Every structure is written in C-alpha cells, then in structure tokens.
2 protein chains.
Amino acid sequence: MTTAGQRPMRADARRNYKRLLTEAKRAFLEHGAEVPLEDIARSAGVGIGTLYRHFPTRLALQEAVYHEEVDELCTKAYELVESESGGEALPAWMRSFTTYATNKRGLMQTMKEVIDRRSDLFSRCHDEIQEAAGAVLAAAKDAGTVRPEVSVSDLLRLTHGLSVATQHVPEDADRLLSYLLDGLRPQG
Amino acid sequence: MTTAGQRPMRADARRNYKRLLTEAKRAFLEHGAEVPLEDIARSAGVGIGTLYRHFPTRLALQEAVYHEEVDELCTKAYELVESESGGEALPAWMRSFTTYATNKRGLMQTMKEVIDRRSDLFSRCHDEIQEAAGAVLAAAKDAGTVRPEVSVSDLLRLTHGLSVATQHVPEDADRLLSYLLDGLRPQG
DNA sequence: CCTTAACCGGAGGGTGCCTCCGCTACGATA
DNA sequence: TATCGTAGCGGAGGCACCCTCCGGTTAAGG
C-alpha cells in the first residue's frame, strides 16, 4: 500500500486503491473469483490501467481482498484460544474456516496459494495463518485432544481439504469435521 | 459417442473423435486443464468446429478424457476388495486416488463435478464411482476398520479433499491419509 | 455411379487480458 | 497563490482465446 520506505502515496492514488478494494470485494462475492477485472475497474470509477498498476495480477488483487478475511480468521484463532476451554478452540476454529469457504467465493483458491506457496506476495499472510493455526493447535495438544506429532502444515492442509470438500454441502461440514478431529486425537 | 439408437457414427467422425481424445489427454497432462482448445484441435489435425461438435464444452472434453481414469479407479477398487485382506483395500484405494490427483493435472476439478453435481453429463461417472467406493467402504466396515455410519458420499468427499490437500505435497499424503483413516475407525 | 445428409473446418465476431504512453493534477516549493 | 516536476491516470490497441455459423466436402447406402 505505501511505497515502502519512500514518500507516501498521493491522495488520489490512495483513494483509488481503496475504491478498487471495496469493489473487488463486492464483485468476487457476487460474481465469483473469475469476474472480469475491467468490470471491477469500471465500478470503482477508474481505468483498467489504474487497477493493473495497483494490482499487477488477479491473484494480487485477491490476496489484498482476502487478507482482511485471513486477518479475521487469525484474530478468531487467538480469541478462541483465550475464551474456550480445553480442546474446544480447535474444532470451533476449523468450523469457522469451513464457513468462510462456503461464504467467500474464491477465498479457498487464495488460501491454497497462501498455504502452498511461499512467494513474496503471500509470505506475510502465510506467516500469520501459520502462527494462528499454531496457537490453536498447541492448545489442543495441551488439552490432549490432538496427538503431539501433528504439524501445523498438516492441520492447515487438512482444514483446507475439508473446506474444499464441504464447500457445496455445508450441512455435512460438522460430521466430516468430527471424523477429521477423531483422526487427530491420540489413538488408544 | 454413438448417436444413441440411430445409425453409428461415420468413419471420419469416429476417427476424429478418437484423435481429439488422445490429443486432449496429452495436452491436459502436459499443459494443465486450461490449455487452449484450439491447440488440441490443431494437434489432432481437425478444425476447432469439429472439436466443439464432439465436445460442446471444455468440461465435456475433460469428462470424456477422464472417464477412462475414473474407470481405472473403479476397476482398482474391485480388484483391491478381492485381493486385499480385511481393511487393507480402503487405504490402498484412497492412496491411489491421491496419486491420480498428483499425476493427472485437471482430474480433480473433474472429480469434484462428478462427486458434487448430478448432471446428465456426469451421472454415469457419478454412479460408477459411487458404486466402486461403496464396495471398498463395505469391505472396510466388514473388517471393522470403519464405523458403520460413514456414508459413501462422506468417503468420497473426504478422499477428494485429501487429494486436493496433498496435490502439491505428495510426500505428505501417507501421513495425512492415516489421520483420516484413524478418524473413520470405530472409536473406543 | 449418384445422392444426400452427416460431417468438416475456419472465418469472424465477441470478450477479456494486459501494456504502453500522452495527459492530468497533486502537492512541494518559493 | 503561482509555478513546476512528477506520480499517477486511463483507455486505445494488440493479442489470445472462445464459440458459432454455414458453405463446402465426403462417407456410405441404393
């Protein structure tokens, strides 16, 4: 957003940036992640060139749009670790993850990149979600509901997989989640 | 392929159909599921119009290409049920599922449609895979390695989710699969 | 052979992607 | 408040791909 280390963005640039983000968010939600970028530019009242200057690729725009969502998800993770007793935080967090998947169209594709790739673009997001998931996972291990050898990457990949699996059948999410949680439990 | 109930396809039509299928298979494998259809038509030595006549949509072509793969997967399911002892068939089958996911680029998108949708286009595939998965699942339940209330849909969705999750980290597939299997086991 | 309808193929119109560069206006400076 | 250097704007234009349509071609039955 700010041109790192240099003078801040000009007022019009900042205004356009925000408008683009707002309209992109609406557009992704209403029309899916494949909505034409030219439509987003138009509804933001800027030229297509301006969109491309701020967001060189579609993925860059998605990342920017969903960074907020990722932040929310991270915040929720820490809240749950604080408020919930014992092993309740993990199921609750994974549940919100799948809920995001059903509601925010296109978010999962972005999440996949965030989890898989370690590009410059995503490394901030990557670290944040990794840390948040780590906190929830640690709490679950402390409570004894997850075996110690499960890694944060494992958890994120499984959660992502679950979200993809239940994206179009949210009513099945709880049952599938409970199978998954049973699998992570220390085995007798 | 044959114009149901009517006279068979003309020789040239049948030849072109097969060429298209062969080239599409290669192209999907080499360049991913988003490869331009015009490239496929060109390498099959036919016009783009011919491709569209045989396969009205990209998904129709993918379905045709991957129907073979789905068949293989189904065959393997029955073989495993025959040859493997007790609860070994299910893990082995799920493992081959994830292997397909890493090797056949684009297959998973098609599988998702097959599992989720119940369109005319997919209903044959849908039924086949459903039945094959049912056989493996039944064997596992008999062997006592999966609890009785797990449905075929549950199994397919979880397996699909797992495949998506491990698509780019095949080396983690076995560990994640074992978590999943533990989750399906009758809980003590 | 002749006929005919099934089949072919690619031109062409449409949509969206992305770049490039002449123009605009922000805001620093005096 | 006027001036000026430049960050930022925006859309024309070239490209890639999609998909349809229809005049020409040819397999195959009589």
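How are H9(A) and H9(B) oriented to each other, roughly parallel or roughly perpendicular? This is a predicted model, in which local features need pLDDT of at least 70 and side-chain atom pairs count only at pLDDT 80 or more, while totals for chains, interfaces and linings use all residues. Residues are numbered from 1 along each chain as its sequence is written, with chains lettered from A and ligands numbered from 1 in the order in which they are written.

Helix H9 (residues 173-184) of chain B packs with H9(A) at an angle of about 110 degrees, the axes lying 6 Å apart. Helices are DSSP runs (H or I, at least four residues) numbered from the N terminus, and axes are lines fitted to C-alpha atoms over the stretch in contact, with angles from 0 to 180 degrees between N-to-C directions. Because angles of 65 to 115 degrees count as roughly perpendicular, H9(A) and H9(B) are roughly perpendicular to each other. Among the residues that meet here are A:Tyr179 and A:Leu180 in H9(A), and B:Tyr179 and B:Leu180 in H9(B).

Turning to the chains as a whole, 20 residues of chain A are in contact (C-beta atoms, placed from the backbone, within 7 Å) with 20 residues of chain B. On the chain A side, H8(A) provides the largest share, 9 residues.

Then there is the DNA. Around DNA strand D lie 21 residues, a residue being near when its C-beta atom, placed from the backbone, is within 6 Å. The closest include A:Val46, A:Gly47 and B:Ala11. H3(A) gives the most to this surface, with 4 residues.

Notes. Helices (H or I, at least four residues) and strands (E, at least two) are DSSP runs, numbered from the N terminus. Two residues are in contact if their C-beta atoms, placed from the backbone, lie within 7 Å. Angles under 35 degrees count as roughly parallel, over 145 as roughly antiparallel, 65 to 115 as roughly perpendicular and the rest as oblique.
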